[in-house]
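Subject: Structure handover

Hello,

Here is the structure for you to look over. My notes on it follow below.

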Amino acid sequence: MNTDAAPAWLPSPLVPFFTLSYPTAPPAHPDSFPNSNYYATGLLDGCLIVTAIAIMAVLRDMTRLFVMEPFARWYLQRELRLSKQKAAARANGKANGNGHANGNGHAPYANGSAITRSEARKMQRSVIRFAEQGWSVVYYTAQWCFGLYVHRQLPTDVLNPTEIWSGYPHTPLAGPIKFYYLLQTAFYMHQVLILNAEARRKDHWQMMTHHIITIVLMVGSYFYNFTRVGCLIMVLMDLCDIFLPLAKMLRYLGMSTACDVAFVVFLLSWFVTRHVLFVLTIKATWDAWYVVPRIWDPSRGHYMTKEIYMGFFAMLVALQIIQLIWFWMVCRVAYRVVTGQGAEDTRSDDENDNEDDAKKDD
């Protein structure tokens with residue numbers, strides 16, 4: 001336990017839940033984070049993951065309930081009323097031009113700005129989904145910036161990632177690297193909980209498989225000291241995850257053109273990071289077979305056996321296969337954008353909304 005970094009009033013059993021555990025001496029000649037504290041790894045690191053999951057759950061609900069939902073509700077109500085008022089004004093102008101008005105001298109659409117129950121239900125769905133995507137934008141933006149900071153401190157290059165394996169094992173871990181890893185692991189564990197708590201979408205099992213593989217890769221790479229390849233993969237994956245929820249948010253607000261622009265940016269960033277740069281990382285991992293000695297010596301941090309290497313490499317390939325399936329789905333959406341049909345998330349359950357509204361209104 002890291003009692004030196006904990007406040008004096010914190011009970012010792014709670015110290016691992018609020019501090020980085022296993023502090024240790026820094027390496028003699030660190031190639032990154034020379035002024036950072038350094039740490040080993042161990043099971044107590046799971047305590048901080050538990051704390052991070054709890055904090056993320058609270059932050060997600062606070063962001064959703066007190067920021068995203070109020071903003072989306074205000075904006076959608078304003079836009080709906082404005083559109084109805086404009087429609088009423090046009091109808092009023094036509095009525096006056098044709099000499100038609102009701103007995104009181106008022107246009108027949110004077111109260112046309114009132115929001116119907118059907119419109120209110122549809123708006124509430126958009127508000128909820130806007131808020132859900134808003135948390136994703138907030139998290140991925142913050143975490144990608146943090147990951148980019150970590151990556152820039154490491155001697156690795158996304159275009160030539162051979163250095164991710166040079167000098168293996170990279171132990172002990174600098175504080176920012178350890179914290180980054182634990183936060184990312186907590187996030188994907190939190191996502192698994194959310195995935196099973198919310199209504200299932202069309203790609204539920206693809207998402208679940210992706211999250212499980214990601215968690216296994218992150219935990220395995222953390223304890224087997226494959227952290228440099230892990231840091232590179234995480235910063236690559238997080239970039240395009242900013243733009244897809246952003247495109248959905250814009251769509252829920254009715255900003256079709258801005259949604260399409262954000263979707264195109266998402267599409268380009270996805271292809272570059274997940275099917276070009278990630279493939280280079282997989283290739284560098286394949287080349288590691290000829291560079292890293294296959295030794296099992298936990299006392300020196302060596303865990304590169306044939307079985308562990310092949311398992312790690314196979315999961316990277318499986319992750320790429322899942323992403324290729326998703327890319328095919330994304331390209332279908334891109335085709336609709338090009339043909340003028342607009343971007344729409346094929347994995348959502350929006351297609352039943354109008355039918356449900358019709359049934360409720362009958």
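A helix here is a DSSP run of H or I with at least four residues, and helices are numbered from the N terminus. With that numbering, His 211 lies in helix 5. Please keep in mind that this is a predicted model.

First, His 211. Is His 211 buried or exposed? The cut-off for buried is under 20% relative accessible area. His 211 has 3% relative accessibility, so His 211 counts as buried. Leaving aside residues up to four places away in sequence, His 211 touches Tyr 188, Gln 191, Val 192 and Leu 195. Take Leu 195: Leu 195 and His 211 are 16 residues apart along the chain. Their C-alpha atoms are separated by 9.7 Å.

Now the chain as a whole. The chain holds 9 helices and 5 strands. In sequence order, the pattern runs α-β-β-α-α-β-α-α-α-α-β-β-α-α. There are 362 residues, and 48% of them count as buried. Take the contacts in the chain with a separation of 6 or more: 78% of these come from residues 24 or more positions apart.

Rolling a probe the size of a water molecule over the atoms shows where empty space is left. How many cavities of 30 Å³ or more does a search of the whole structure find? The search finds 1. The largest cavity has a volume of about 190 Å³. Its lining is made up of 18 residues, and those closest to the centre are Thr 214, Met 218, Ile 233, Met 234 and Leu 319. Helix 4 (175-197), helix 5 (204-223), helix 6 (227-252) and helix 8 (306-338) each give two or more residues to this lining. By type, the lining residues divide into 11 nonpolar, 5 polar and 2 charged.

Which helix gives the largest share of the lining? Helix 6 does, with 6 residues. Helix 6 is also mostly covered, with 22 of its 26 residues buried. At 1.5 Å a residue, helix 6 should span 38 Å, and its end C-alpha atoms are 38 Å apart, so the two values agree. After helix 6 comes Gly 254, which has a positive phi, near 85°.

Over to you.

Best wishes

Technical notes. Residues are numbered from 1 along each chain as its sequence is written. This is a predicted model: local features need pLDDT of at least 70, side-chain atom pairs count only at pLDDT 80 or more; totals for chains, interfaces and linings use all residues. Side-chain values use heavy atoms; hydrogens and water are left out. Buried means under 20% relative accessible area, exposed over 50%, partly exposed in between (1.4 Å probe, protein chains only). Contact means heavy atoms within 4.5 Å. On a 1 Å grid over the protein atoms alone, a cavity is a set of points where a 1.4 Å probe fits but cannot get out, and a pocket is an open set with protein on both sides within 12 Å along at least five of seven lines; lining residues have an atom within 4 Å of a point. Grid points are joined across faces, edges and corners, and a volume is the space filled by probe spheres set on the points. Ala, Val, Leu, Ile, Met, Phe, Trp, Tyr, Cys and Pro count as nonpolar, Asp, Glu, Lys and Arg as charged, and the others, Gly among them, as polar. The expected span of a helix is 1.5 Å times one less than its number of residues.
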